[in-house]
Amino acid sequence: MSLVKLYDTTLRDGTQAEDISFLVEDKIRIAHKLDECGIHYIEGGWPGSNPKDVAFFKDIRKEKLIQAKIAAFGSTRRAKITPDKDQNLRTLVESKSDAATIFGKTWDFHVHEALRIPLEENLELIFDSLEFLKQNMPEVFYDAEHFFDGYKSNPEYAMKTLQAAQQAGADCIILCDTNGGSMPYEIASIVEEVKKVITTPLGIHAHNDGECAVANSIISVQQGIVQVQGTINGFGERCGNANLCSIIPALKAKMKRDCISDAQMKTLRDLSRYVYELANLAPDKHQPYVGNSAFAHKGGVHVSAIQRHPETYEHMRPELVGNTTRVLVSDLSGRANILAKATEFNINLDSKDPVTLEILEDIKAMENRGYQFEGAEASFELLMKRALGTHRKFFSVIGFRVIDEKRTEDDQPISEATIKVKVGGKIEHTASEGHGPVNALDNALRKALEKFYPKLKDVKLHDYKVRVLPAGQGTASSIRVLIESGDKEGRWGTVGVSSNVIEASYQALIDAIEFKLHKDEETAAPKK
């Protein structure tokens with residue numbers, strides 16, 4: 001089977017998504033990650049369109065990539081001007097990129113309404129622009145914008161635009177579902193018709209407005225397409241672009257098509273999270289293949305089955321994309337969930353142990369009060385250790401007080417916390433201010449304990465979520481606080497529940513610190 005080449009446009013189309021913007025340094029770092037993952041082409045942006053893209057194409061030339069080629073993006077020449085005088089085409093050449101990709105109009109509606117030129121003149125723009133670039137750049141791709149909508153409106157004219165690109169020598173003609181509304185059955189039949197006329201290699205560029213971008217890309221490959229364009233995590237304008245994090249494993253694991261190596265596919269989850277991180281977005285836990293929940297099991301029947309054979313409830317092995325099987329613990333859990341989690345935490349427990357049933361009953365009672373352990377596995381590990389009697393109490397809190405004061409209407413509130421803790425036989429009494437009462441309490445607690453446990457200075461609070469539990473009691477409702485903490489080695493989640501937000505936060509903070517101390521003690525202990 002021929003190689004399917006992957007063309008990533010995260011750095012151009014991906015940045016057209018709401019809330020996403022990359023610095024030049026971010027784009028360089030992402031380009032290296034895409035290169036390491038085996039992506040064949042990386043579209044860097046429009047050279048000359050803005051200072052950021054100008055800097056990218058200048059800086060990327062100094063970087064050493066393993067195998068990826070850098071592509072510059074632009075459009076066909078303007079009307080009434082020759083290609084060599086067109087500033088857009090000249091900046092593509094001056095970018096000194098490995099390839100140029102230009103888009104042109106294939107839908108007669110757009111030629112009339114957007115370009116406002118005769119249909120024949122649009123064919124000249126396509127031919128002239130591609131011919132000029134072919135004379136000046138190593139590879140040239142043609143993005144047939146709105147091709148599928150154009151074909152459905154006027155198939156004869158849409159095909160003429162592709163023929164103009166083919167005659168000009170384009171190395172690949174990419175059929176674009178620009179509005180993202182085409183269905184897979186439409187894509188399949190239209191690609192089949194195109195192949196009867198066009199002999200140039202074909203590609204697909206699909207948007208996700210109809211939630212079919214991945215399906216449309218996959219069915220195009222089945223019809224003979226050899227280049228797939230998309231973005232990491234499906235970033236893109238409106239509803240996004242075709243998601244390469246889903247397309248790549250579908251090609252390799254399901255269709256047995258060559259695109260990247262097995263080792264490179266194992267970095268896919270890391271690549272996904274890396275791009276989320278630089279985009280300053282929280283990863284989508286429900287994202288297929290690479291999301292935290294993609295291979296997470298909650299129902300007791302499911303957990304019991306996957307422990308006997310993972311294929312009972314997993315469509316593929318998560319390790320192939322760098323992901324892992326996870327077992328969740330909730331009031332839907334059975335003994336199998338508890339035993340699986342115990343194994344994960346290296347805790348010796350068996351199904352006949354009465355402690356297993358005790359833990360299960362505790363979980364159900366606590367979840368009935370509003371606790372949730374799916375995002376708080378550190379709290380769950382501490383719960384198991386307390387039930388087993390292996391929990392070590394590193395400190396005790398004798399008491400705390402939090403004051404939130406607003407002295408005048410125009411002044412900002414002042415938050416201050418005092419706390420008294422006991423470590424061994426010593427009592428420490430400290431006070432601290434903070435940005436709000438929870439931050440003040442967190443600061444005071446750390447200040448009191450860091451004297452005894454200096455490694456607590458490594459702990460950072462990464463996320464803090466408050467959820468009002470639905471009981472219809474207004475401001476007297478119970479509150480669930482989920483905290484994500486971390487150090488240099490990893491991250492962990494803890495939970496607290498109370499009708500008092502300070503008390504709920506206190507519970508989650510205490511668990512976060514206790515988990516860190518337990519983790520460090522186990523790491524330092526000699527291996528058996």
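User: Are Trp 492 and Phe 515 buried or exposed?

Analyst: Both Trp 492 and Phe 515 are buried, where buried means under 20% relative accessible area, exposed over 50% and partly exposed in between, with a 1.4 Å probe and protein chains only. This is a predicted model, in which local features need pLDDT of at least 70 and side-chain atom pairs count only at pLDDT 80 or more, while totals for chains, interfaces and linings use all residues. Residues are numbered from 1 along each chain as its sequence is written, and side-chain values use heavy atoms, with hydrogens and water left out.

User: And how are the rings of Trp 492 and Phe 515 placed?

Analyst: Their centres are 5.4 Å apart and their planes lie at 45°, so the pair is tilted; rings of Phe, Tyr and Trp (its six-membered ring) pair if their centres lie within 6.5 Å, and planes under 30 degrees apart count as stacked, over 60 as edge-to-face and the rest as tilted. Trp 492 belongs to strand 16 (residues 491-498) and Phe 515 to helix 18 (residues 501-524), with helices (H or I, at least four residues) and strands (E, at least two) being DSSP runs numbered from the N terminus.

User: How many aromatic pairs does the count come to?

Analyst: The count comes to 16 aromatic pairs. In the pair of Trp 46 and Phe 73, the ring centres are 5.3 Å apart and the planes at 70°, so that pair is edge-to-face.

User: Which residues of helix 15 meet helix 16?

Analyst: Val 355, Glu 358, Ile 359, Ile 363 and Met 366 do, contact meaning heavy atoms within 4.5 Å.
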